[in-house]
Amino acid sequence: MPELLFRVRWPDASVQRCYSPSTVVREFFVPGESYPVADFVVRSRGALTEASERVRRGYGFGCAQAAAQLADIEARAKSFADGEVVVEGFDDLPA
C-alpha cells in the first residue's frame, strides 16, 4: 500500500509532517490550500479513517499509526481557537 507524508503549517507557523498509510489523503487536501482549523480536522478525520479502512480491507486490520496521527492532529488543533492550516505538500515514501 503506498504510504505518504503530508506537510502542514499550523496557525502558529509550526510545520508538522503527518503520516498516512494511503494516498487517499490527496482526495481530501490540495497542496498550497489553507483550511480553517476545524475544517482541517474534519478532513483529516475523513482521510485518515479512509486510509485505515483501506489497510483493513487489504490486511484484515486497521492502521494504528493512522489512528495515532489523527489523535495527534485533534489534540494539536485544540490549541487554536481559530486560524488556518496550510497543506504545504505531499511526500511519497519509498516502497
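1. Helices (H or I, at least four residues) and strands (E, at least two) are DSSP runs, numbered from the N terminus. By this definition Q69 is found in helix α2. The protein has two helices and four strands, and from the N terminus on its elements run β-β-β-α-α-β.

2. Some remarks on the basis of this note are in order. This is a predicted model, in which local features need pLDDT of at least 70 and side-chain atom pairs count only at pLDDT 80 or more, while totals for chains, interfaces and linings use all residues. Residues are numbered from 1 along each chain as its sequence is written, and side-chain values use heavy atoms, with hydrogens and water left out.

3. Overall form. The radius of gyration of the protein is 13 Å, close to the 12 Å that the globule rule gives for 95 residues, so the protein is as compact as a globular protein of that length. Here the radius of gyration is taken over C-alpha atoms, and the globule rule is 2.2 Å times the number of residues to the power 0.38. Along its principal axes the C-alpha trace spans about 40 × 25 × 20 Å.

4. The protein exposes about 5100 Å², of which carbon and sulfur atoms supply 52%; accessible areas come from the Shrake-Rupley method with a 1.4 Å probe, and for residues only the protein chains shown count as cover. A residue is called buried under 20% relative accessible area, exposed over 50%, and partly exposed in between (1.4 Å probe, protein chains only). Of the 95 residues of the protein, 38% count as buried.

5. Contacts along the chain. A contact means heavy atoms within 4.5 Å. Among the contacts in the protein with a separation of 6 or more, 67% are accounted for by residues 24 or more positions apart.

6. The nonpolar core. Such a core is a set of buried Ala, Val, Leu, Ile, Met, Phe, Trp, Tyr and Cys residues joined through side-chain atoms within 4.5 Å. The largest one has 25 residues, and those with the most contacts inside it are F6, V8, W10, F29, F40 and I73. At least two residues of this core are supplied by each of β1 (4–9), β2 (15–20), α1 (37–59), α2 (64–77) and β4 (84–92). The largest share, six residues, comes from α1.

7. Aromatic pairs. Rings of Phe, Tyr and Trp (its six-membered ring) pair if their centres lie within 6.5 Å; planes under 30 degrees apart count as stacked, over 60 as edge-to-face and the rest as tilted. A search of the whole structure finds six aromatic pairs. In one of them, the rings of F6 and F29 have their centres 5.7 Å apart and their planes at 25°, so the pair is stacked. F6 lies in strand β1 and F29 in the loop between β2 and β3 (34–36), so this pair ties together parts that are 23 residues apart in sequence. F6 is buried at 0% relative accessibility, and F29 is buried at 1%.

8. A further pair. The rings of W10 and F80 are stacked, because their centres are 5.6 Å apart and their planes lie at 15°. This pair links distant parts of the chain, with W10 in the loop between β1 and β2 and F80 in the loop between α2 and β4, 70 residues apart. Both W10 and F80 are buried. Ring pairs link F6, W10, F29, Y35, F40 and F80 into a cluster.

9. Individual residues. Q69 is buried, with a relative accessible area of 10%; leaving aside its neighbours within four places in sequence, Q69 is in contact with Q16, R17, C18, Y19 and L48. R26, in the loop between β2 and β3, is partly exposed at 38%. Not counting residues up to four places away in sequence, R26 touches L4, F90 and D92.

10. A backbone point. Most residues other than glycine have a negative phi. A13 has a positive phi of about 75° although it is not a glycine. A13 is placed in the loop between β1 and β2 and counts as exposed, at 53% relative accessibility.
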